[in-house]
Amino acid sequence: MIQIVRFAVLTECTIGRLYLDREPLYYTIEKPWLNNTPFVSCIPTGRYPVTRVDSPSYGEDTWMVDEVPNRTHILFHVANVANNVQGCIGMGKKIYSNLSGVRQSRIAVDDFYQRTEGRLSEEIEISNGFIYK
């Protein structure tokens, strides 16, 4: 099970903590909440299936969040700031102190994909924890 607990919903981005099998491993960077508008908003909180797809941009076996209302192609990939994603989820090992993004994204993504190797599908639960505006 993958869980993201968002703890900072800011004007420019959304920052969260990603748990894999209940273990807090990474931070996440997403677009800010803008009513689920494709390409400019993070996705709504909720539970969604996650499957592996072959992405022309990010390669084979890229994790994709499915069944998000009015949205498609929500991928997990390398990203340090919200401008690096278009509605997708970027990951990092650390966060910037001003909460503007995540650091060590390539390390986090490589580790995440290594830890989930052999899994074909998962479920993700996205929730809001502490929120700053």
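Modeller: Let's look at Gly101, which is buried with a relative accessible area of 0%. Buried means under 20% relative accessible area, exposed means over 50%, and partly exposed lies in between (1.4 Å probe, protein chains only). Please keep in mind that this is a predicted model: local features need pLDDT of at least 70, side-chain atom pairs count only at pLDDT 80 or more, and totals for chains, interfaces and linings use all residues. Residues are numbered from 1 along each chain as its sequence is written, and side-chain values use heavy atoms, with hydrogens and water left out.

Gly101 sits in the loop between strand E8 (94-95) and strand E9 (102-103). Strands (E, at least two residues) and helices (H or I, at least four) are DSSP runs numbered from the N terminus. Setting aside neighbours within four places in sequence, Gly101 is in contact (heavy atoms within 4.5 Å) with Ile15, Ile29, Asn80, Ile95 and Tyr96. Take Ile15: 86 residues separate it from Gly101 in sequence, yet their C-alpha atoms are 7.3 Å apart in space.

So let's follow Ile15, which stands in E2 opposite Ala8. Strand E2 covers residues 14-20, and six of its seven residues are buried, so the rest of the structure largely encloses this strand. On one side, E2 runs antiparallel to strand E1 (residues 2-9), with seven bridges joining the two; DSSP must find at least two bridges for strands to count as paired. The hairpin from E1 to E2 passes through four residues. Gln3 belongs to E1, and among the residues Gln3 touches are Arg17, Leu18 and Tyr19.

E2 also has strand E3 (residues 23-30) as an antiparallel partner, again through seven bridges. Here Thr14 stands opposite Glu30 in E3. The hairpin of E2 and E3 has two residues between the strands, and Asp21 takes a positive phi near 55° there.

A nonpolar core is a set of buried Ala, Val, Leu, Ile, Met, Phe, Trp, Tyr and Cys residues joined through side-chain atoms within 4.5 Å. The largest such core has 22 residues, and Leu18, Val65, Phe76, Met91, Phe112 and Ile124 touch the most other members. Helix H1 (residues 105-115) supplies the largest share of this core, four residues. Apart from it lies another core of 14 residues, including Tyr27, Ala82, Cys88 and Leu99.
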